[in-house]
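Here is a short tour of one protein model, written for someone meeting structures like this for the first time. Keep the picture in view as you read.

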Amino acid sequence: MGNMDGKTVEELSTTECHQWYKKFMTECPSGQLTLYEFKQFFGLKNLSPAANKYVEQMFETFDFNKDGYIDFMEYVAALSLVLKGKVDQKLRWYFKLYDVDGNGCIDRAELLNIIKAIRSINRCNEKMTAEEFTDMVFDKIDINGDGELSLEEFMEGVQKDEMLLDILTRSLDLTHIVRLIQNDGKNPHEAGQEAQEAQ
Ligand SMILES: [Ca+2]
Ligand SMILES: [Ca+2]
Ligand SMILES: [Ca+2]
């Protein structure tokens, strides 16, 4: 679980639920979060086109009933999955998130765009370029070598590889958001830096 705060991962207590509700209703009094509000909620500004697309895709996977809004139940379901879900539940969800065109496979272009988007959102400096990283992932887990990752290849490959699992988990690290909710308005950039230093 990498740098996740142990306590918040374990259990979604009533207090936490209440804090999340407060945060949700403060940011979104109508109770229905639009894409625009979603970006504000998560403090996402001045995104690159790739990052923007990633956030839109994330919004769509959180919008379970596909009505174009995230309501409080969807918000709680999404946060619970991200914070408390079992590895295979999360991986299924990542797969859906990464398979942008929804054809049941992740191809190279989809993965590359996602990696670029994640990097621009997290503003992290990695040793490998996004292209090198994508090549490495395909070398490792595209077992039949057809240039696409099936759900099976993705689930098995990532679970067997601690490094990939760690990177994917970090790509959706909501630690700073949880802190923001708990601390009621602490600067997300400070929390983000702490998370990076802890690595
Ligand atoms: Ca909805
Ligand atoms: Ca696809
Ligand atoms: Ca394949």
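Before we go on, a word on ground rules. This is a predicted model, in which local features need pLDDT of at least 70 and side-chain atom pairs count only at pLDDT 80 or more, while totals for chains, interfaces and linings use all residues. Residues are numbered from 1 along each chain as its sequence is written, chains are lettered from A and ligands numbered from 1 in the order in which they are written, and side-chain values use heavy atoms, with hydrogens and water left out.

Donors are N, O and S atoms within 2.8 Å of the metal (3.2 Å for Na, K and Ca); water is not among the atoms, so sites may look incomplete.

Now look at the calcium ion (ligand 3). Its protein donors are Asp142 (OD), Asn144 (OD1), Asp146 (OD), Glu148 (O), Glu153 (OE) and Glu153 (OE), lying 2.3 to 2.6 Å away. Along the chain they are spaced D-x1-N-x1-D-x1-E-x4-E. Why is this arrangement irregular? Because its six donor atoms subtend angles of 53 to 154 degrees.

How open are some of these residues? Buried means under 20% relative accessible area, exposed over 50%, and partly exposed in between (1.4 Å probe, protein chains only). Asp63 is buried at 4%, whereas Asn65 is partly exposed at 46%.

**What the record says**

An unreviewed UniProt entry lists "domain: EF-hand" for residues 50–85, 86–121 and 129–164. Positions are given in the numbering used here, feature names are shortened, and annotations may be inferred rather than shown by experiment. Residues 50–85 are 72% helix and 6% strand, with end C-alpha atoms 27 Å apart. Residues 129–164 are 69% helix and 8% strand, and there the end C-alpha atoms are 15 Å apart. Helices (H or I, at least four residues) and strands (E, at least two) are DSSP runs, numbered from the N terminus.

**Salt bridges**

The structure holds five salt bridges, each a side-chain nitrogen of Lys or Arg within 4 Å of a carboxyl oxygen of Asp or Glu. The table shows some of them.

| Pair | N to O distance |
|---|---|
| Arg108 and Asp135 | 2.6 Å |
| Lys116 and Glu131 | 3.6 Å |
| Lys160 and Glu156 | 3.9 Å |

Lys116 lies in helix α7 and Glu131 in helix α8, so this pair ties together parts 15 residues apart in sequence. Lys116 is partly exposed at 37%, and Glu131 is partly exposed at 39%. Lys160 and Glu156 sit four residues apart in helix α9 (residues 151–160), separated by about one helical turn; both are exposed.

Notes
Tetrahedral: all angles 85-135°; square planar, octahedral: opposite > 155°, others 65-115°.
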